[in-house]
Amino acid sequence: MNTVSSSARRARLAGPTAGAAALALIATACGGTGSGSASSPDHFSYLTNTENTTVKTALTTLSKGACSAAQKALPLKVETVPQTSLDQKLQLLAGQGALPVQFAAGNAPALTQQLYTSGKIADLEKELKSLGVYDRLEPSAVSTIKALYGGKLAVLPYEYNIEGIFYNKKVFSDNGIAVPGTWDELVAAAAALQKKGIQPFSASGQQGWPLTRLISGYLYRSLGPDALKDVADGKAKLTDPAYVEAAQQVADLGRKGYFGKGVGSIDYDTAFNQFLTGKAAMFYMGSWALTNIADPEQDKIGAANVGFMPFPAVSGGKGSVDQYPSNVGLPMTLGKRTFDKNVGSWVKCIAAHYGTTALKDQGSISGFRTSGTVADTNAVTGQVRKTISSSRRNVLWFEALFSTKATTVSQTNAASLVNGSMSARQFMQTVQDALSTK
């Protein structure tokens, strides 16, 4: 199975991290008002990050099978760059008017929005509808993309993840714990586990975002799906009482020891290992974890013992448990200037077949609908797939709409919040100050 390394996943899924300087440069490069004259490409050229082998492998498979006709007319040509060099490469190509037919969208949503605004990126909603394959996209994936990219379908969802709490079904059953439906029930379950000497949660304080995801989860359940958009739009501040309360709830989990000892020094792989070896009962993570869960060398508790639950409801809250935090990994987009009939044939074939191929061959869930019957690796994978298919409106993660500076400040201070060295108000004030800095 071709998978992306855990370090690559950390980079892709922790939120927008592109430097402000890079964004400024790409804005300068794209300063024109158009994309230049149309150009018929001689290859289906595709630029992606070196770390992501999933999309490359699936497209190569399609080129030899379902998309062989598109391949004959426009051969696939793949170029890769390290993810750390991707934004620089994109700004260079954009400035030269030489963007490939298809390319990884870059590390920051704001960068892709700039390319779209300057006429460098195709209107994918228009193109997919013209090709008759717009309905091949999962509605929840479309909702997530539009939330990230200013209401535009600016990218294709070659990967689609929802987030929630994975839990050890055997530990729950052996200790008489029902799946929590509310935050209060979740806290009570953690207390019961702690009392029996079982670490309730595994999390990486070193990365920070697995902790801040809990804050946004609470905010979405208490204030509703627009909680963080309101902050981005200036309608609310992170220092408002209801926002500080969310941070306090997560801080209280740390104060009670529910993340175990030394959470601030726990990295992503160690946190994953704690859960998959039975050392912690619950693990907040995205559905990309299904690849690890399906690997018996990593998953020592067994996939049959892994359950998945949504972030619980907050009593009296305005949010809904069927609104899952979601992301599209490091998505791909297509250039406007080179989008001709042959490119359209490729895109039409991808929309029809990619979801099935990626799931069948690599166990990768995308935002494309599957065709026919594809056997799930295990029950929890089937559960997540069903959840994605039935979702209509999902939400984003804590830092999704933050500036680069605020993202860094949030994630580097998350461990201080749960280990008690920073109060909930101090944490939210620090992040708000970073948001307010121009």
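The crossing of helices α3 and α16 is right-handed, a term used when the near helix is turned clockwise from the far one by less than a right angle. In this predicted model, local features need pLDDT of at least 70 and side-chain atom pairs count only at pLDDT 80 or more, whereas totals for chains, interfaces and linings use all residues. Residues are numbered from 1 along each chain as its sequence is written, and side-chain values use heavy atoms, without hydrogens and water.

The axes of α3 (residues 54-64) and α16 (residues 341-362) come within 9 Å and cross at roughly 115°. Helix α3 is therefore roughly perpendicular to α16 (65 to 115 degrees). Axes are lines fitted to C-alpha atoms over the stretch in contact, with angles from 0 to 180 degrees between N-to-C directions; helices are DSSP runs of H or I with at least four residues, and strands are E runs of at least two, numbered from the N terminus. Contributors to the contact (heavy atoms within 4.5 Å) include Val55 and Leu59 of α3 and Trp346 and Tyr354 of α16.

Met332 lies in strand β9 (residues 332-334) and is buried, at 0% relative accessible area (buried: under 20%, 1.4 Å probe, protein chains only). Among the residues that Met332 touches are Val55, Phe103 and Tyr158.

Tyr158 is likewise buried, at 2%, and forms an aromatic pair with Phe368, edge-to-face, at 5.8 Å centre to centre and 70° between the planes. Rings of Phe, Tyr and Trp (its six-membered ring) pair if their centres lie within 6.5 Å, and planes over 60 degrees apart count as edge-to-face. Phe368 is buried at 2% relative accessibility.

Methods:
Buried means under 20% relative accessible area, exposed over 50%, partly exposed in between (1.4 Å probe, protein chains only). Angles under 35 degrees count as roughly parallel, over 145 as roughly antiparallel, 65 to 115 as roughly perpendicular and the rest as oblique. Rings of Phe, Tyr and Trp (its six-membered ring) pair if their centres lie within 6.5 Å; planes under 30 degrees apart count as stacked, over 60 as edge-to-face and the rest as tilted. Lists of a residue's contacts leave out its neighbours within four places in sequence.
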